[in-house]
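Biologist: Hey, can you walk me through this one? I've got a few quick questions.
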Amino acid sequence: MAVRRPGLIALFDVDGTLTAPRKSLKTHLGDENIRDFINFTLHYLADIDIPIKRGTFIEFRSGMINVHNIRAKMVEVLREKFAHLNLTFSIGGQISFDAFPQGWDKTYCLKYLDEFEEIHFFGDKTYKGGNDHEIYESARTVGHTVTSPDDTMDQCTTLFLNKQA
Ligand SMILES: [Mg+2]
């Protein structure tokens, strides 16, 4: 058992926490698996039977169409179809979801931080299904939900800088 020294470390999500949100593409699964996954996903999207003229299923906004309640069902289909790839799915943004190898969520780094007594984590997608959820909920971290880089700065200033004044 490692001896933990006093003190703390702060960990930060980047996208939406330290910087303005941006897109990313992960290609660690191999070209053939990535191709199959993308092809299936595009076919799935093309085949979705969207009741385009009913209720609030689709929300028209300036510059975008927001399709409601598609992600959860799509993730279930992808999870089943690509079970052999052992992927974890999480909702990482307003209109997307992430797919990554199991165990590659953000808690992966915690095994390298065993010596730290107190680990704070700051992230913007800390809700269930969000890509910060696992590390935010971890028993090893003190989780903080932020809404923007400015909010991250405010929370850190309050928590770490004002504390010592
Ligand atoms: Mg984020």
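Biologist: Where does Ser 96 lie?
Modeller: This is a predicted model, and in it Ser 96 lies in the loop between strand 4 (87–90) and strand 5 (98–101).
Biologist: OK, switching to the metal. What coordinates the magnesium ion?
Modeller: Asp 13 (OD), Asp 15 (O) and Asp 124 (OD) coordinate the magnesium ion, at 2.1 to 2.2 Å.
Biologist: How are those donor residues spaced in sequence?
Modeller: The pattern is D-x1-D-x108-D.
Biologist: Why does Asp 13 count as buried?
Modeller: Asp 13 has 7% relative accessibility, and the cut-off for buried is under 20%. Asp 15 is partly exposed, with a relative accessible area of 25%.
Biologist: Last topic: where is His 120 found?
Modeller: In strand 6, residues 116–123. His 120 is buried, with a relative accessible area of 4%.
Biologist: What does the His 120 side chain make a polar contact with?
Modeller: With the side chain of His 144, at 2.7 Å. Leaving out residues up to four places away in sequence, His 120 also touches others, including Leu 8, Ile 9, Val 142 and Phe 160.

Note on methods: Residues are numbered from 1 along each chain as its sequence is written. This is a predicted model: local features need pLDDT of at least 70, side-chain atom pairs count only at pLDDT 80 or more; totals for chains, interfaces and linings use all residues. Side-chain values use heavy atoms; hydrogens and water are left out. Helices (H or I, at least four residues) and strands (E, at least two) are DSSP runs, numbered from the N terminus. Buried means under 20% relative accessible area, exposed over 50%, partly exposed in between (1.4 Å probe, protein chains only). A polar contact is a pair of N or O atoms within 3.5 Å; within protein, one must be able to donate a hydrogen and the other to accept it, and residues adjacent in sequence count only if both atoms are side-chain atoms. Contact means heavy atoms within 4.5 Å. Donors are N, O and S atoms within 2.8 Å of the metal (3.2 Å for Na, K and Ca); water is not among the atoms, so sites may look incomplete.
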